[in-house]
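Please look over the sequence and the structure below.

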Amino acid sequence: MSSSLLLLLLLSLLVPTLMLEFRYHDNSEIEQYLVQVSADNPDITHLYSIGKSVKGQQLWVLALGLRPRRHAVGVPEFKYVANMHGNEVLGRVLLLQLIAELVRGYRDDETWSLQLLNSTRIHILPTMNPDGFDVADTNCLMSQGRANQNGVDLNRGFPDAFAGLRKQQELNEEQREAEVRAVIGWLRSETFVLSANLHGGAMVASYPYDNSDRGSVWMASPSIAPDDDVFVHLAKVYSYNHASMHKGNLCDDSGPFKDGITNGYNWYKLEGGMQDYNYVWAQCLELTLELSCCKFPQPEELPALWMDNKKALLAYIQQVHLGVKGQVFDGWGVPVQNAVVEVEGRRNMCPFRTNQHGEYYRLLLPGSYNFKVSYPGHEVLTETLSVPHGPEQYSAMKHDFKLRRVASATVRTQAEPSPSCNYSLLPQGGGGAAGSAWNGLTVGFSLVAALQSLMD
């Protein structure tokens, strides 16, 4: 554990919780704030690192919820990521303010916060590209600081399903940027259901796909995902809960966007994006939220920009409770990993599979859906479910699938994922992708607790 981080922990004993000013906090200030919030609220927050940037800066994530340290069966995992491009900085401010608002609401027993944190585990990564931020220009349009320390645009650095389909490329993850590898590992350590990454330079909610298999020809038309209806709904939830995004014509150099939303590919082709990677390989529906015409808004604009986005940020999290969730049990009554759970008419590139707890989550709009569940040594199960709207109740519909063994099955079998779909969940969620960083921080918090007991 670094001496500087230990000092931050010790200082949290001596100073009151930071008043979060509306300004741009540097990376060390963000680190200090997250450490302090976590130390002050250990019952509902859990601080961990998913890895380091090229320059060695920690990529800190704060998890918030009733059980913040690890996944609980039936509780969906949600995440926000900001500052993927180092010079697009509003997201850093918004996510710090969101943390403060969630904690304040919970401590004040406000119903909205209690319901959200009791039903959801929320992960917040305020900066994915701290190195880029360190050198970012404050110009509204210039791109200095956009890339990471190696000069690589992180939103072009993920494995791309469409490129893979054309070229049958290996992922070669070890050759990818440190920040990209950290996020890939993070996605494998948690069963994320819904996500958004926060950008700047336009005002629009963009949804998959960002790329297409149409080769080099771009026809300025959508690249439609199997869950397109859900993505359109999610994008509209954000744009219409935002103060003005839904107007669609707010920036001079982009748009207009009907309803303040766009299919990513219909806007421009993007290969190697994080949004498509989340959806195709991690079964996590993700939007890209462009939240300001200016990449680096003036500090005096920040309070108003927070108020413009506050309702939308909270409403979007609530959508993690769309659709249906549950577990798949084999013929012995045991939850099974890697059972395929398919919805008729939604042919995903990589089929949605159950996690290590046998869980599945499918974000669906209200309606009737035919499900097909398959697992080795068992009969294929088909069921029709009538799915209600769950967000108002802070819970998706719960439905378990119970499989029947085929007559010849006498011993339990395990399903293996398709290698091309890159499934590789860790045994337990909870920030396991960066165990060493978190272990050091846990020691620090233990020391803080001991010192507090001596002071009391």
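D109 sits in the loop that runs between helix 3 and helix 4 (111-119); helices here are DSSP runs of H or I with at least four residues, strands are runs of E with at least two, and both are numbered from the N terminus. The phi angle of D109 is near 55°, a positive value in a residue other than glycine. With 56% relative accessibility, D109 counts as exposed; the cut-offs are under 20% relative accessible area for buried, over 50% for exposed and in between for partly exposed, with a 1.4 Å probe and protein chains only. This is a predicted model, in which local features need pLDDT of at least 70, side-chain atom pairs count only at pLDDT 80 or more, and totals for chains, interfaces and linings use all residues. Residues are numbered from 1 along each chain as its sequence is written, and side-chain values use heavy atoms, with hydrogens and water left out.

N338 is in the loop between strand 9 (324-329) and strand 10. Its relative accessibility is 10%, so N338 counts as buried.

For the protein as a whole, there are 12 helices and 15 strands. Of its 456 residues, 57% count as buried. Among contacts (heavy atoms within 4.5 Å) with a separation of 6 or more, 77% come from residues 24 or more positions apart.

Eight of the strands make an open sheet with mixed pairing, in the order 1-2-4-3-5-8-6-7; two strands pair if DSSP finds at least two bridges between them. Strand 1 (45-52) and strand 7 (261-263) are at the edges with a single partner strand each, so one side of each has no neighbour in the sheet. From one strand to the next the twist averages 20°; the axes behind such angles are lines fitted to C-alpha atoms, for helices over the stretch in contact, and angles run from 0 to 180 degrees between N-to-C directions. Strand 1 and strand 2 (residues 58-64) run antiparallel and are joined by six bridges. K52 stands opposite Q58 in strand 2.

Which helices lie on these strands? Helix 2 (residues 27-40) lies across strand 1 and strand 2, at about 145° to strand 1. Helix 10 (residues 274-282) packs on the sheet and touches strand 3 (77-82), strand 5 (192-199), strand 6 and strand 8 (285-292), with its direction at about 165° to that of strand 8.

Strand 6 (residues 202-207) contains S206. S206 is counted as buried because its relative accessibility is 3%. Leaving out residues up to four places away in sequence, S206 touches T262, N263, G264, W267, Q275, L287 and T288. Y209 is placed in the loop between strand 6 and helix 8 (228-241).

Helix 7 (residues 178-189) has 12 residues and reaches 17 Å from its first C-alpha to its last, close to the expected 16 Å; the expected span is 1.5 Å times one less than the number of residues. Of these 12 residues, 10 are buried, including V183, I184, W186 and L187. V180 also lies in this helix, and it counts as buried because its relative accessibility is 0%. Apart from neighbours within four places in sequence, V180 is in contact with L154, G157 and F158. The C-alpha atoms of V180 and N129 are 9.9 Å apart, although 51 residues separate the two along the chain.

A further open sheet has three strands in the order 10-12-13, with antiparallel pairing. Strand 10 (340-343) and strand 13 (381-387) are its edge strands, each pairing on one side only. Neighbouring strands in this sheet are turned by 30° against each other on average, direction ignored. Seven bridges hold the antiparallel pairing of strand 12 (residues 367-374) with strand 13, and S368 stands opposite S386 in strand 13.

The largest nonpolar core has 113 residues, of which Y80, L98 and F371 touch the most other members; such a core is a set of buried Ala, Val, Leu, Ile, Met, Phe, Trp, Tyr and Cys residues joined through side-chain atoms within 4.5 Å. Helix 3 (residues 90-107) supplies the largest share of this core, 10 residues. Domain 1 (27-321) and domain 2 (324-405) both contribute residues, so the core lies between them; the domain bounds come from an automatic or database domain assignment. Beyond four places in sequence, F371 touches residues including V324, V341, Y360, L381 and F401.
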